[in-house]
Amino acid sequence: MPLAREVSFATDERIFNEGGKADRFWIIHTGTVALDVHVPGRRPAVIETLGAGELLGWSWLIPPHHWHLGAQASSPVRAYEFDAAAVRELCVNDPELDHALLTYVAGVISGRLRSSRVRLLDLYAPHGAGEVP
């Protein structure tokens, strides 16, 4: 937490865009954030909404450090913001922290991929396409 700084985002404020440089991440303290994916010719498709206690942003950890999704505040948000380079440096010097962080973020990525798949099937799969295993 010594590396964290408190930040806030207003409702509908864009936090980051898909493809942009991922140089920070957040732990949401209050409020909600919609994660979205660019869909050519359409509005971005919201694939998940995050709330208090959740990690916002994982692309900072995986080279080339560009956002895989976009994010927009759905309500007023207060969050703890972390500088990605500083956290990566801590991980280089502390293998236990590195392992714990990678394990946690891998779980977050897995959950987000599943949410993305389910949401995209809801939006675009033919009716009656079946259950997601």
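These legends describe close-up views of a predicted model.

**Figure 1. Confidence of the predicted model along the protein chain.**
The mean pLDDT of the protein chain is 90. Of its residues, 94% reach 70 or more. Strand E8, residues 77–83, has the highest confidence, at a mean of 98. Helix H2, residues 95–124, has the lowest, at a mean of 87.

**Figure 2. The aromatic pair of Phe9 and Trp26.**
A pair of aromatic rings is described by the distance of the centres and the angle of the planes. Six aromatic pairs are found in a search of the whole structure. In one of them, the ring centres of Phe9 and Trp26 are 6.1 Å apart. Their planes stand at 75°, so the pair is edge-to-face. Phe9 belongs to strand E1 (residues 5–9) and Trp26 to strand E3 (residues 24–30). With 17 residues separating Phe9 from Trp26, the pair links distant parts of the chain. Both Phe9 and Trp26 are buried.

**Figure 3. The stacked pair of Phe16 and Trp67.**
The rings of Phe16 and Trp67 lie 3.8 Å apart, centre to centre, with 15° between the planes. Phe16 is in strand E2 (residues 14–16). Trp67 is in the loop between strand E6 (55–56) and strand E7 (70–73). The two residues are 51 residues apart, and their pair links distant parts of the chain. Phe16 counts as buried because its relative accessibility, 7%, is under 20%. Trp67 is also buried, with a relative accessible area of 6%. Phe16 and Trp67 form one aromatic cluster together with Phe9 and Trp26.

**Figure 4. The largest nonpolar core and the contacts of Ile15.**
In soluble globular proteins, nonpolar side chains tend to be buried together. The largest nonpolar core here has 35 residues. Ile15, Trp26, Leu56 and Trp60 touch the most other members. Helix H2 supplies the largest share of this core, four residues. Leaving out residues up to four places away in sequence, Ile15 touches Phe9, Trp26, Val33, Leu56, Ala71, Gln72 and Ala73.

**Figure 5. Val105 in helix H2.**
Val105 has a relative accessibility of 2% and counts as buried. Residues within four places in sequence set aside, Val105 is in contact with Leu55, Trp58 and Leu61. Between Val105 and Gly57 the C-alpha to C-alpha distance is 9.3 Å, although they are 48 residues apart in sequence.

**Figure 6. The buried and exposed sides of helix H1.**
An α-helix has 3.6 residues a turn, so residues three or four places apart point the same way. Helix H1 spans residues 84–93, and its buried residues are Ala84, Val87 and Cys91. These residues cover an arc of only 70° around the axis, so they are on the same side of H1. The face turned away from the buried side carries the exposed residues Val92 and Asn93.

The relative accessibility of Asn93 is 57%, which is over 50%, so Asn93 counts as exposed.

With 6% relative accessibility, Asp36 counts as buried. Its side chain makes a polar contact of 2.8 Å with the side chain of Arg14.

**Figure 7. Backbone geometry at Asp12, Pro64 and His65.**
The peptide bond joining Pro63 and Pro64 is cis, with omega about 15°. Pro64 lies in the loop between E6 and E7, and His65 lies in the loop between E6 and E7 as well. His65 has a positive phi, near 65°, and is a residue other than glycine. Asp12, which is not a glycine, also has a positive phi, about 75°. Asp12 is in the loop between E1 and E2 and counts as exposed at 55% relative accessibility.

How values were computed
Residues numbered from 1 in each chain as written. Predicted model: local features only at pLDDT ≥ 70, side-chain atom pairs only at ≥ 80, totals over all residues. Heavy atoms only, no water. Phe/Tyr/Trp six-rings, centres within 6.5 Å; stacked < 30°, edge-to-face > 60°. Buried < 20%, exposed > 50% of the residue type's maximum accessible area, 1.4 Å probe, protein only. pLDDT = per-residue confidence, 0-100. Core = buried A, V, L, I, M, F, W, Y, C linked by side-chain atoms within 4.5 Å. Contact = heavy atoms within 4.5 Å. Arc of directions from axis to C-beta. Polar contact = N/O pair within 3.5 Å; in protein donor to acceptor, adjacent residues only side chain to side chain.
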